[in-house]
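Could you walk me through this model, one selection at a time? I have the viewer open and would like to know what to click on next.

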Amino acid sequence: MGLLDLFTLIKTKAENFLNEKNAVTDFLGNLEERTGIKKKALAVGAVSLTGLYLVYGYGAALVCNMIGFAYPAYYSIKAIESENKEDDTKWLTYWVVYGVFSLGEFFSDIFLYWFPFYYAFKCLFLLWCMAPVSWNGSAIIYDKIVRPTFLRHEATVDNMMNDLGGKVMGAAENLTREVLTTLVKNKSLVVTPQSSEPKSLPSPSVAPLSESEPSEEKMIAAEEEKTEYLRSN
């Protein structure tokens, strides 16, 4: 397929999209009624402004991610609801490539961010991955890179995932067992509340005087008798 054929196909797809009944065409139809400008011209203008914004505008990353997500998500839902399964494979392939690309971009974005026109090239790359052509980007990347790598390491990844799943389940069981053991121990250490009735203080016991010990009065009387006896002598 030549470049001219590609532009013709894109033009046909765009015209078919503009003739469909959806939120975008309804919005463009309202603008056409108010301004008198045809929907096709409005769509071309919107695409041109979006391209310029991706090059010079603030928040180009958000716009680029919306382009790479909104259109494929819309047609993925339509593919799920349709009886044809070929479009399901097409959009599943796109999402696999999109996920691999996003993972790689996460680690390299800090460097790629400084390249001029990075988000414009990223948007073109995502459009290539979702393009309705035989040399679709997602199909080429999946067949040349993702699929061979997956088949080469499929057994290793499966064993790793099984081991990881077993370890996670074992850790969850041990954690649950420890939590239950701790709860049982804490419950056994709880002291039952005592009765709230006030206790009477013990009355102080007074030890009785021993009969052999003289009382204080007897001692005073004995001293007085002794004094009188000394005076009389």
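Start by selecting H4: its 22 residues reach 32 Å from first C-alpha to last, close to the 32 Å expected at 1.5 Å a residue. Keep in mind as you go that this is a predicted model.

With H4 (residues 60–81) still highlighted, color its buried positions: Ala60, Cys64, Gly68, Pro72, Ala73, Tyr75, Ser76 and Ala79. Part of that list is spaced by fours, so here's a handy reminder. An α-helix has 3.6 residues a turn, so residues three or four places apart point the same way.

Show side chains where they meet. On the H4 side, pick Ala60, Ala61, Cys64, Asn65, Ile67, Gly68, Tyr71 and Pro72; on the H6 side, Tyr119, Lys122, Cys123, Leu126, Leu127 and Met130. Color them by type and you get 11 nonpolar residues, two polar and one charged.

Next stop: serine 138, in helix H7 (residues 137–188). Is serine 138 buried or exposed? Buried, with a relative accessible area of 2%. Zoom in on its side chain: a polar atom there lies 2.9 Å from the backbone oxygen of cysteine 129, and the side chain also makes a polar contact with that of asparagine 136, at 2.3 Å.

Finally, hide the neighbours within four places in sequence; serine 138 is still in contact with Thr93, Tyr94, Val97 and Cys129.

How values were computed: Residues numbered from 1 in each chain as written. Predicted model: local features only at pLDDT ≥ 70, side-chain atom pairs only at ≥ 80, totals over all residues. Heavy atoms only, no water. Axes fitted to C-alpha atoms, helices over the stretch in contact; angles between N-to-C directions. Helix = DSSP H or I, 4+ residues; strand = E, 2+ residues; numbered from the N terminus. Contact = heavy atoms within 4.5 Å. Nonpolar A, V, L, I, M, F, W, Y, C, P; charged D, E, K, R; others polar. Buried < 20%, exposed > 50% of the residue type's maximum accessible area, 1.4 Å probe, protein only. Polar contact = N/O pair within 3.5 Å; in protein donor to acceptor, adjacent residues only side chain to side chain. Expected span 1.5 Å × (residues − 1).
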